[in-house]
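Visitor: I have a structure open and would like to walk through it with you. Could you show it here and take my questions one by one?

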Amino acid sequence: MRNNPIDQIIDLIPVQLRNRYFLVLVLFFAWMIFFDKHDILTQWSLQKTVDQLEEEKDFYNQQIDVAEEQRLQLELNKEKIAREKYYMKRPGEDVFIIVDENEKK
C-alpha cells in the first residue's frame, strides 16, 4: 500500500489526463494559443487592423473616383465655372449679377 500523498493526488486525476502524449499536446496548444509570438490574440488584432485598412483603402479609392469625375467636369466646363464662380468675362463684355433672395437664405 502506498502512503505517499503525491501518489494519492495523482490517483485522483483521470487516466486520460495522465497520458504524457495528451499532456504534451495540451502544453503545445496552450503555448501556441497564449504564449507564442503569433498567438491567437495577436492574429485577431492584426486581422482587425487589416480589415480597417482595407475599408480605408476602399473609401479613398471612392474619393479618388469622385475627384477624377470633378476634374473631368472642370475640364469640360471651364468657361461656365470661370463665369459663375469667379465672375470672369471676355473683353468688351458686361456681367450683371442677379442675386435671388431665396438662394441667399
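Visitor: Leaving aside neighbours within four places in sequence, which residues is Asp-39 in contact with?
Guide: Bear in mind that this is a predicted model. Asp-39 sits in the loop between helix H2 (20–35) and helix H3 (40–76). Once neighbours within four places in sequence are set aside, the contacts of Asp-39 are Met-32, Ile-33 and Phe-34.

Visitor: Which residue is the nearest side chain of opposite charge to Asp-39, and how far away is it?
Guide: Asp-39 is buried yet takes part in no salt bridge. A salt bridge needs the nitrogen and oxygen within 4 Å. The nearest side chain of opposite charge belongs to Lys-37, at a distance of 11 Å.

Visitor: Then which side chain does Asp-39 join in a polar contact?
Guide: Good place to look next! The contact spans 2.4 Å, and the partner of the Asp-39 side chain is that of Thr-42.

Visitor: Which helix gives the most to the nonpolar patch on the surface?
Guide: The patch has about 950 Å² of accessible area together, and its members include Trp-31, Phe-35 and Ile-40. Leu-25, another member, lies in helix H2. Eight residues of the patch come from the leading contributor, H2.

Visitor: Is Leu-25 buried, partly exposed or exposed?
Guide: Buried means under 20% relative accessible area and exposed means over 50%. Leu-25 has 47% relative accessibility, so Leu-25 counts as partly exposed.

Visitor: How many salt bridges are there?
Guide: One of them pairs Lys-78 with Glu-75, at 3.7 Å from N to O. Glu-75 has a relative accessible area of 44%, which makes it partly exposed. The count of salt bridges comes to five.

Visitor: How far apart are the closest N and O atoms of Glu-68 and Arg-71?
Guide: Both residues lie in helix H3, three residues apart, or about one turn of the helix. Glu-68 is partly exposed at 37% relative accessibility, and Arg-71 is partly exposed too, at 41%. In their salt bridge, the closest N and O atoms are separated by 2.6 Å.

Visitor: And where do Arg-83 and Glu-93 lie?
Guide: These two form a salt bridge, with their closest N and O atoms 2.9 Å apart. The pair links distant parts of the chain, ten residues apart: Arg-83 is in helix H4 (residues 78–86), and Glu-93 is in the loop between H4 and helix H5 (101–104).

Visitor: Which residues do salt bridges with shared partners join into one network?
Guide: Arg-83 is partly exposed at 26% relative accessibility, and Glu-93 is partly exposed with a relative accessible area of 26%. Through shared partners, salt bridges join into one network Glu-79, Arg-83, Arg-90 and Glu-93.

How values were computed: Residues are numbered from 1 along each chain as its sequence is written. This is a predicted model: local features need pLDDT of at least 70, side-chain atom pairs count only at pLDDT 80 or more; totals for chains, interfaces and linings use all residues. Side-chain values use heavy atoms; hydrogens and water are left out. Helices (H or I, at least four residues) and strands (E, at least two) are DSSP runs, numbered from the N terminus. Buried means under 20% relative accessible area, exposed over 50%, partly exposed in between (1.4 Å probe, protein chains only). Lys and Arg count as positive and Asp and Glu as negative; His and the chain ends are not counted. A polar contact is a pair of N or O atoms within 3.5 Å; within protein, one must be able to donate a hydrogen and the other to accept it, and residues adjacent in sequence count only if both atoms are side-chain atoms. Contact means heavy atoms within 4.5 Å. Patches are made of residues with over 30% relative accessible area and no salt bridge: like charges are joined within 9 Å, nonpolar side chains (Val, Leu, Ile, Met, Phe, Trp, Tyr) within 5 Å. Accessible areas come from the Shrake-Rupley method with a 1.4 Å probe; for residues, only the protein chains shown count as cover.
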